[in-house]
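Biologist: I'd like to learn how to read a few features off a model. Can you walk me through them?

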Amino acid sequence: MNQRAGWYDDPENSDHLRYFDGVVWTSHTTPKAAPTAPVAVAPPTAPMPQTQDGPGYAGGPQTQYGQHPAPQHPAQQQGYPPSGPGGYASAPPVYGSALGVKTTPDGQPLASYGQRVGAYLLDALITGAITLLLGGYWLLQFFQWYAAYLSGLLSTIDAGGNPAVDQTEITSQATSYLLPVVAVGLVVQVVYQVAFLTRKGATPGKMAVGIAVRHRDRPGVPDLMTVLKRVALGVVSSLLGFLPAASAIGSLVSILDLLWPLWDDKRQALHDKIAGTNVVVQPRKR
């Protein structure tokens, strides 16, 4: 590991810093300081050698006696501006190799599969409720038609007849009534994803479990084109489900998309690969 010793964001607790001695992580931690009021923290075992210019770290910034310079993030040491909540940059890539945590190239921890599934289910409940509200008219029309159809069959049976079930008619009626509902659902899904991801970087479901979407190679809220690429696969696979010759393909694509992060070394779903995104853990707010 080629990383200089110093204080780094603690991957186990985003509110703290952890000291890395240049070889291994130590058990020394300290609370983070806000960028406007940094807390003076010294390396846990580092002495305070005297210099010709006065007390302080040798070769480092000069301070008054008994004080130490505030911890500096490695991104600042290397000349990069801080970013992210509180002014601190994302965790350095050294975390991935030191703790076995999968991260983005700049070191932000990736969301677990369980977190992604939890967010998916929460978002599905929200978008499903909106779809039922907006598409309720067509659903009601279908149920009324189906109830009348069953009533006719029962009346024929009661009269001693032997009614024939016309599966073609049922399929035709179901398609005519339910297709608008599916269309409404797709529109709701796209608007929902675009509205939240381009503004917050996370949908309500993702915010609830503490994860967010970003470009794999750079932090920040994804742009509109990236979000549209990200939702395109789901829209296409849903539309394929209405084509008899391609419905199996659509279902297979949907299943693979959901399961792909389980074995992908970058924890990307297929829609993440299309858009070049990752789902990451959001730092906890103070």
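**Aromatic pairs**

Modeller: Let's begin in helix α4 (residues 167–197): Y192 and F196 are four residues apart there, so about one helical turn separates them. Helices (H or I, at least four residues) and strands (E, at least two) are DSSP runs, numbered from the N terminus. Keep in mind that this is a predicted model, where local features need pLDDT of at least 70, side-chain atom pairs count only at pLDDT 80 or more, and totals for chains, interfaces and linings use all residues. Residues are numbered from 1 along each chain as its sequence is written, and side-chain values use heavy atoms, with hydrogens and water left out.

Biologist: Are Y192 and F196 buried or partly exposed?

Modeller: Buried means under 20% relative accessible area, exposed over 50%, and partly exposed in between (1.4 Å probe, protein chains only). Y192 counts as buried because its relative accessibility is 6%, while F196, at 28%, counts as partly exposed.

Biologist: How many aromatic pairs are there?

Modeller: Rings of Phe, Tyr and Trp (its six-membered ring) pair if their centres lie within 6.5 Å; planes under 30 degrees apart are stacked, over 60 edge-to-face, and the rest tilted. That rule gives eight aromatic pairs. In one of them, the ring centres of Y192 and F196 are 5.2 Å apart and the planes sit at 65 degrees, so the pair is edge-to-face.

Biologist: Which residues form an aromatic cluster?

Modeller: F142, F143, W145, Y146 and Y177 form one together.

Biologist: On to sheets: in what order do the three strands of the open sheet come?

Modeller: In general, strands of a sheet pair through backbone hydrogen bonds, either parallel or antiparallel. Two strands count as paired if DSSP finds at least two bridges between them. Here the order is β1-β2-β3, with antiparallel pairing. β1 (6–9) and β3 (25–31) are at the edges with a single partner strand each, so one side of each has no neighbour in the sheet. Four bridges join β1 to β2 (residues 16–20), and Y8 stands opposite R18 in β2.

Biologist: And R214: which side chain does its own side chain contact?

Modeller: A polar contact is a pair of N or O atoms within 3.5 Å; within protein, one must be able to donate a hydrogen and the other to accept it, and residues adjacent in sequence count only if both atoms are side-chain atoms. The side chain of R214 makes such a contact with that of Q108, at 3.0 Å. A polar atom of the R214 side chain also lies 3.3 Å from the backbone oxygen of R218. R214 is in strand β6 (residues 211–215) and is buried, with a relative accessible area of 3%.
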